[in-house]
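Try each task before reading its solution.

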Amino acid sequence: MLPESGGIDVFIGTVRNATKGKTVLRLEFEAYEKMAIAEIEKIAAQALAKWPVQKLLIHHRTGVLAVGDVPVIIAVSAAHRDAAFEACRYVIDTLKQTVPIWKKEIFEDGEVWVAAHP
Amino acid sequence: MKINILAFGIAKDIFGESTINVELPNDASVYNLKYSLEQQYPRLKKLATYMVAVNNEYALPEDTIYETDEIAIIPPVSGG
């Protein structure tokens with residue numbers, strides 16, 4: 001953390017135990033790694049250009065995750081909290097739209113690729 | 001030309017494997033690729049949407065495909 005930093009906004013994603021009332025047993029994440037890293041770097045550059053962010057961390061896991069595990073962490077430090085909050089929200093929201101990572105929800109009676117079908 | 005296609009997520013399930021080969025005319029576009037894939041794999045059309053990446057960048061339908069390109073089918077992403 002820099003001495004000039006006035007605030008750090010951290011978003012920690014966690015695996016929920018249910019979706020729309022159905023029990024989730026675990027999640028399986030898959031990434032198109034090279035492109036995922038490239039898209040994450042684009043998002044970071046956009047955030048750094050748009051807000052006076054000092055430090056930015058984006059971490060995403062792949063593989064099998066159990067309920068309560070942490071697939072994603074975003075941390076943003078800035079001199080003032082507005083930039084930290086806004087940039088952190090921007091990063092996680094954009095990551096969910098553009099980064100080629102996919103999650104499959106495993107239920108007791110089957111599995112579903114999230115967002116695949118209308 | 002023979003093109004190697006990488007597939008992820010539900011696209012991998014639809015193709016039955018993580019990479020497939022597709023025969024395309026030499027000056028084929030992304031649109032042509034999508035069209036021929038959808039003939040062969042109609043389930044693709046039921047997806048909410050899907051993108052094509054060329055050399056790790058999202059491609060436009062009119063972009064031309066070259067034999068040396070790395071092509072991937074990108075179903076709706078769901079990271080985070």
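**Exercise 1. Work out the strand order of the sheet in chain B and find its edges.**

Solution. This is a predicted model, so begin with the pairing the model shows. In chain B, 5 strands form an open sheet, and reading across it gives the order S2-S1-S5-S3-S4. The pairing is mixed. Next, look for strands that pair on one side only: these are S2 (19-23) and S4 (57-58) of chain B, the edge strands. As a reminder, strands of a sheet pair through backbone hydrogen bonds, either parallel or antiparallel. Now take one pair: S1 (residues 2-7) of chain B runs antiparallel to S2(B), with 5 bridges between them.

**Exercise 2. Describe the make-up of chain B and judge how compact the chain is.**

Solution. Start by counting elements: chain B has 2 helices and 5 strands. From the N terminus on, they follow the pattern β-α-β-α-β-β-β. For the extents, the C-alpha trace of chain B spans about 35 × 25 × 20 Å along its principal axes.

Continue with burial and contacts. Of the 80 residues in chain B, 51% are buried. Among contacts in chain B with a separation of 6 or more, 48% join residues 24 or more positions apart. Finally, the chain exposes about 3900 Å², and carbon and sulfur atoms supply 50% of that area.

**Exercise 3. For A:Lys20 and B:Asn56, find the phi value and decide: buried or exposed?**

Solution. Take A:Lys20 to begin with. Its phi is near 50°, positive although the residue is not glycine. A:Lys20 sits in the loop between S2 (18-19) and S3 (22-31) of chain A. Its relative accessibility is 84%, and because the cut-off for exposed is over 50%, A:Lys20 counts as exposed.

Turn to B:Asn56, also a non-glycine residue with a positive phi, here about 70°. The loop that holds B:Asn56 lies between S3 (51-54) and S4 of chain B. With a relative accessible area of 15%, B:Asn56 is buried.

**Exercise 4. Which residues make the nonpolar surface patch of about 430 Å²?**

Solution. The patch is made by A:Met1, A:Ile8, A:Val10 and A:Ile12. Locate one of them: A:Ile12 belongs to S1 (residues 7-13) of chain A. At 47% relative accessible area, A:Ile12 is partly exposed.

Conventions. Residues numbered from 1 in each chain as written. Chains lettered and ligands numbered in written order. Predicted model: local features only at pLDDT ≥ 70, side-chain atom pairs only at ≥ 80, totals over all residues. Heavy atoms only, no water. Pairing = 2+ DSSP bridges. Helix = DSSP H or I, 4+ residues; strand = E, 2+ residues; numbered from the N terminus. Buried < 20%, exposed > 50% of the residue type's maximum accessible area, 1.4 Å probe, protein only. Patch = residues over 30% accessible without salt bridge, like charges linked within 9 Å, V, L, I, M, F, W, Y side chains within 5 Å. Areas by Shrake-Rupley, 256 points an atom, 1.4 Å probe, with all protein chains shown as cover. Salt bridge = Lys/Arg side-chain N within 4 Å of Asp/Glu carboxyl O. Rg over C-alpha atoms; globule rule 2.2 N^0.38 Å. Contact = heavy atoms within 4.5 Å.
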